[in-house]
Amino acid sequence: MYQMEQKIQEEAQEMRAVFAQTMEDLVAQDERVVYLDADIINSIGMTNFWKKHPDKTINCGIQEANMIGAAAGMSATGLIPFAHTFGTFATRRVMDQVFVSAAYAKLNVRIIGSDPGITASTNGGTHMPLEDMGMMRSIPQVTILEPTDSVMLADLMRQTKDKYGVFYIRLSRKKAEKIYQDGSTFEIGKAAKLRDGKDVTIFATGICVAEALRAADVLAEQGISAAVSNMFTIKPIDADAIEEAARTTGAVVTAENHNVINGLGSAVAEVLTARCCCPLERVGAQDRFGEVGDVNYLKKALHMTAEDIVGAAKRAVARKG
């Protein structure tokens with residue numbers, strides 16, 4: 001289904017360019033697809049799409065709650081809405097509308113939250129969603145996806161078009177590090193194993209996947225065999241993969257561009273306590289707000305680097321037995 005690139009390197013295209021092209025493809029395939037935006041069409045690279053498809057594009061203005069309500073209403077008429085705004089506004093600002101108008105009403109809405117976590121970068125702490133997955137995870141039957149690179153983004157967007165329900169997709173707008181070869185496909189709800197190991201398993205998501213692979217290389221040099229899996233579906237979480245990791249490696253690390261509370265780390269902890277307890281170390285924002293800075297600086301400041309993952313893996317292995 002999927003194959004890794006032999007060498008991790010920055011992609012040629014920004015993620016938003018791939019998002020725009022995939023929206024073009026989806027509209028060409030299905031006349032029910034529509035796009036809604038909260039007045040940041042240019043930021044997500046959808047200006048040309050808007051000009052080409054004015055009948056398929058609704059700029060709702062800086063009225064995010066109304067946008068979600070409109071998307072829910074359009075879904076009720078049989079349309080397939082993709083609604084985008086920054087991750088902070090796609091979650092914190094519209095929680096009631098997502099809960100009542102979309103999820104509780106059992107409608108069919110895709111919510112795109114761009115600039116997740118530290119990828120908001122120089123927009124700073126107010127625009128830096130480090131809690132968005134936790135908020136959306138608490139709403140019943142919402143599927144949460146975090147594409148790692150543009151290959152995964154395009155495949156997941158195509159899949160969600162033909163699935164029913166409320167989806168929250170965390171989308172970094174800028175260039176990602178390419179993990180997967182072109183043509184790779186993925187199964188929503190199943191972790192994508194990238195590397196085998198016997199001493200510890202690292203479950204990572206988003207920008208932390210590349211860091212986890214780098215960490216595994218460092219750990220191997222130090223005699224620790226680390227498995228790496230991309231947990232790109234945060235909900236529903238792949239409980240079977242987590243249990244298998246606990247039983248085969250006996251130690252688990254999570255790495256996420258999110259608060260360690262209520263995100264991937266918490267979801268994995270819930271499975272471990274119910275199925276197979278083992279040491280767990282969580283890498284990510286340690287219950288703090290974001291700040292202004294470039295992504296490389298913020299990875300260090302909020303402890304999301306390969307070095308942080310190496311340290312967490314060593315602690316988890318030391319706690320075994």
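Which residues in the largest nonpolar core touch the most other members? Keep that question in mind as you open this predicted model, and start the tour inside.

**Stop 1: the cores**

Select Phe19, Met23, Tyr35, Met46 and Val253: among the 67 residues of the largest nonpolar core, these touch the most other members. Next, colour helix α8, residues 208–221, which gives the most to this core, with eight residues. Now centre the view on Met23. Setting aside its neighbours within four places in sequence, Met23 is in contact with Val33, Val34, Tyr35, Met46, Phe49, Phe82 and Met157. Then move over to a second, separate core of 40 residues, where you can pick out Met67, Ile144, Ile242 and Leu280, which are included in it. As background, nonpolar side chains in soluble globular proteins tend to be buried together.

**Stop 2: the aromatic cluster**

There are seven aromatic pairs in the whole structure. Show the rings of Tyr2 and Phe186: their centres are 5.7 Å apart and their planes meet at 15 degrees, so this pair is stacked. Tyr2 sits in the segment before β1 (4–10) and Phe186 in the loop between β8 and β9, so the pair ties together parts that are 184 residues apart in sequence. Are the two partners buried or exposed? Tyr2 is partly exposed, with a relative accessible area of 28%, while Phe186 is buried at 4%.

Tyr180 is buried, as is Phe186. Finally, bring in Phe232 to complete the view: Tyr2, Tyr180, Phe186 and Phe232 form one aromatic cluster.

**Stop 3: the largest pocket**

Highlight β7 (166–171), β8 (177–180) and α11 (295–301), each of which supplies at least two lining residues; α11 has the largest share, with three. Colouring the lining by class gives ten nonpolar, seven polar and ten charged residues.

**Stop 4: the second largest pocket**

The second largest pocket holds about 170 Å³ of space. Select Lys193, Ser229, Ala241, Glu244 and Ala245, the closest to its centre of the 15 residues that line it. Strands β9 (192–195), β10 (200–204) and β11 (226–230), together with helix α9 (239–249), each give two or more residues to this lining. Helix α9 provides the largest share, five residues. By class, the lining has six nonpolar, five polar and four charged residues.

Methods: Residues numbered from 1 in each chain as written. Predicted model: local features only at pLDDT ≥ 70, side-chain atom pairs only at ≥ 80, totals over all residues. Heavy atoms only, no water. Helix = DSSP H or I, 4+ residues; strand = E, 2+ residues; numbered from the N terminus. Nonpolar A, V, L, I, M, F, W, Y, C, P; charged D, E, K, R; others polar. 1 Å grid on protein atoms, 1.4 Å probe; cavity = no way out; pocket = protein on both sides within 12 Å on 5 of 7 lines; lining within 4 Å. Points joined across faces, edges and corners; volume = space filled by probe spheres on them. Core = buried A, V, L, I, M, F, W, Y, C linked by side-chain atoms within 4.5 Å. Buried < 20%, exposed > 50% of the residue type's maximum accessible area, 1.4 Å probe, protein only. Contact = heavy atoms within 4.5 Å. Phe/Tyr/Trp six-rings, centres within 6.5 Å; stacked < 30°, edge-to-face > 60°.
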